[in-house]
Amino acid sequence: MKKKKKKIIIGLTGQIACGKGVIKKFLIEKYKASDYRFSTILRDTLSRLDIEQSRKNMQKISIILRKSFGEDVLAKAMANDAKEDKDDFIVIDGIRRMADIKYLRKVKGFFLVSVEADKKIRHERVVKRNENPGDNKKTFAQFLNDEKQETELEIPKVMKKADFIIDNNGTWEELWKQIHQLVKKIN
């Protein structure tokens with residue numbers, strides 16, 4: 001009888017444009033991880049309602065859902081998806097609330113990883129990637145204001161609860177090395 005591999009669920013937390021998406025992409029490509037992102041639920045909802053998928057609208061719908069159905073409504077959906085996934089390696093991007101980790105920590109094999117990067121570097125990344133409408137013209141002051149929005153306020157608290165920290169201020173090679181070391185420690 002073939003021994004079942006233990007399930008690994010890496011939850012990524014960090015402030016806007018710290019590199020969570022890049023790390024997630026690397027884990028998917030290199031380790032064949034399944035991909036989950038909190039904002040996917042929000043983007044799907046906005047798309048279904050034919051509402052623009054802007055950062056502001058995702059923040060609004062997140063607040064509405066949590067106030068109506070509980071702070072952990074998105075975490076419950078995410079945890080259920082991760083538990084049901086047949087893959088042994090899962091990466092969840094965008095953990096930003098204490099209610100999220102409280103619920104996800106109950107899932108066997110879950111590890112919280114904080115991704116850290118300098119504010120100026122993160123602002124440059126927001127402008128360059130232009131993920132949401134208007135990001136390519138965002139000033140540093142506007143970027144800092146984005147971090148003061150209700151949906152972003154708990155992230156520093158969540159980051160302090162991390163099992164592991166990745167410093168994303170260096171080179172690509174330094175980042176990849178940290179990710180490989182992280183996976184090795186978890187295994």
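Biologist: Which residue in β3 is the bridge partner of tyrosine 36?

Modeller: It is isoleucine 92. Keep in mind that this is a predicted model, where local features need pLDDT of at least 70, side-chain atom pairs count only at pLDDT 80 or more, and totals for chains, interfaces and linings use all residues. Residues are numbered from 1 along each chain as its sequence is written, and side-chain values use heavy atoms, leaving out hydrogens and water.

Biologist: What makes β2 and β3 a pair?

Modeller: Pairing asks for at least two bridges found by DSSP between two strands. β2 and β3 run parallel and are joined by four bridges, so they pass that test. The strands themselves are DSSP runs of E with at least two residues, while helices are runs of H or I with at least four, all numbered from the N terminus.

Biologist: Where does β2 stand in the sheet?

Modeller: The sheet is open, with five strands in the order β2-β3-β1-β4-β5 and parallel pairing. β2 (34-37) and β5 are at the edges with a single partner strand each, so one side of each has no neighbour in the sheet. From one strand to the next, the twist averages 25°. β2 also has two faces: Ser34 and Tyr36 are on the covered one, Asp35 and Arg37 on the uncovered one.

Biologist: Which strands pair with β4?

Modeller: β1 (residues 8-13) pairs with β4 in the parallel sense over five bridges, with isoleucine 10 opposite phenylalanine 111. β5 (residues 164-167) is joined to β4 by four bridges, again parallel, and here valine 113 faces phenylalanine 164.

Biologist: Why is α4 said to touch the sheet?

Modeller: Contact means heavy atoms within 4.5 Å, and α4 packs on the sheet, touching β1, β2 and β3. Its direction makes about 175° with that of β2. Such angles run from 0 to 180 degrees between N-to-C directions, using lines fitted to C-alpha atoms, for helices over the stretch in contact. α2, for its part, lies across β2 and β3 (89-93) at about 65° to β2.

Biologist: Why is phenylalanine 26 called buried?

Modeller: Buried means under 20% relative accessible area, exposed means over 50%, and partly exposed is in between (1.4 Å probe, protein chains only). Phenylalanine 26 has 13% relative accessibility, so it counts as buried. Tryptophan 176 is at 25%, and therefore partly exposed.

Biologist: What makes phenylalanine 26 and tryptophan 176 a stacked pair?

Modeller: Rings of Phe, Tyr and Trp (its six-membered ring) pair if their centres lie within 6.5 Å; planes under 30 degrees apart are stacked, over 60 edge-to-face, and the rest tilted. By this rule there are five aromatic pairs. In this one, the centres are 4.5 Å apart and the planes 5° apart, so it meets both limits. Phenylalanine 26 is in α1 (residues 20-31) and tryptophan 176 in α9 (residues 172-186), so the pair ties together parts 150 residues apart in sequence. Together with Trp172, the two residues form one aromatic cluster.

Biologist: How do you know that the charged end of lysine 120 sits over the ring of phenylalanine 140?

Modeller: The rule wants NZ of Lys or CZ of Arg within 6 Å of the ring centre and within 35 degrees of the ring normal. The charged end of lysine 120 is 4.3 Å from the centre of that ring and is counted as sitting over it.
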